[in-house]
Amino acid sequence: MAAFDFDAALRWARFDPKRTLARRSIDALPFIDDLATAGQDLLLDTCVYIDQLQGRAPDALADLLDVRQVNHSTVAIQELMHAVGALDPKHSGTASAIRQIGKVIKAMPSHRVFTPDPDVLGRAAILCGILCRVQGYSRDDKLRALQDSALFLQTQKLGCTMLTCNVGDFDYFMQLFPKSRVLFYQPVS
């Protein structure tokens, strides 16, 4: 594995949007259609797994996952395992939730699970720092933004399309990187 190139990352880090970013309207963003079509490989945001487990995934999402190559990130695995650790062992639903999370992770084909490299992780930290500074993120938002930054940059490095329902952060990423590939869906209530 190559060492992290601090000097290259530092040059990249000098990017400054010079303004607070505003969320764009839903109509201006790419959302999945009712008719799933073939296209670029997908990398799934953690919310995709959670929405599927909780029955909030729209039918169009399942159709899309059936026709596209699906890839997974160790960042999403990390976030799912955080939930396992955070669940109250005394709660009656905890054992079932842990089993479901285990099934999801075990179903990921090992050749389709990717780990961000030092370049992605270093740049993700920079991107998160830029967002925290420009957007004024609170302490609670910073860790979430770091994970999302890593997923976003990993997706771009792999040449995939990010699949997420997280319009907030990923709209900002798309504004900072207009050539990026993100596809949104709306969870079912």
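User: Among contacts between residues at least 6 apart in sequence, how many join residues at least 24 apart?

Analyst: In this predicted model, 77% of the contacts between residues at least 6 apart in sequence join residues that are at least 24 apart.

User: And what secondary structure does the chain have, and in which order do the elements run?

Analyst: The chain comes to eight helices and five strands, and from the N terminus on its elements run α-β-α-α-β-α-α-β-α-α-β-α-β. Its radius of gyration is 17 Å, close to the 16 Å that the globule rule gives for 189 residues, so the chain is as compact as a globular protein of that length. Along its principal axes the C-alpha trace spans about 45 × 40 × 35 Å, and 43% of the 189 residues count as buried.

User: Switching to α4, what span should it have, and what is the distance between its end C-alpha atoms?

Analyst: Helix α4 covers residues 74-86, and at 1.5 Å a residue its 13 residues should span 18 Å, which agrees with the 18 Å between its end C-alpha atoms. At the start of this helix, a side-chain oxygen of serine 73 comes to within 3.0 Å of the backbone nitrogen of valine 75.

User: Which residues of α4 are buried, and what covers them?

Analyst: The buried residues of α4 are Val75, Ala76, Glu79, Leu80 and Val84, and what covers them includes β1 (42-44), α2 (46-53), β2 (70-73), α5 (94-106) and α7 (139-158). As background to that pattern, an α-helix has 3.6 residues a turn, so residues three or four places apart point the same way.

User: Glu79 makes me think of Asp45; where does aspartate 45 lie, and what is it in contact with?

Analyst: Aspartate 45 lies in the loop between β1 and α2. Leaving aside neighbours within four places in sequence, aspartate 45 is in contact with Glu79, Asp148, Leu151, Met162, Leu163, Thr164, Asn166 and Phe170.

User: What does aspartate 63 contact beyond its sequence neighbours?

Analyst: Once neighbours within four places in sequence are set aside, aspartate 63 is in contact with Asp34 and Ala36. Aspartate 63 and leucine 35 are 28 residues apart in sequence, while their C-alpha atoms are 7.8 Å apart in space.

Note on methods. Residues numbered from 1 in each chain as written. Predicted model: local features only at pLDDT ≥ 70, side-chain atom pairs only at ≥ 80, totals over all residues. Heavy atoms only, no water. Helix = DSSP H or I, 4+ residues; strand = E, 2+ residues; numbered from the N terminus. Expected span 1.5 Å × (residues − 1). Buried < 20%, exposed > 50% of the residue type's maximum accessible area, 1.4 Å probe, protein only. Contact = heavy atoms within 4.5 Å. Polar contact = N/O pair within 3.5 Å; in protein donor to acceptor, adjacent residues only side chain to side chain. Rg over C-alpha atoms; globule rule 2.2 N^0.38 Å.
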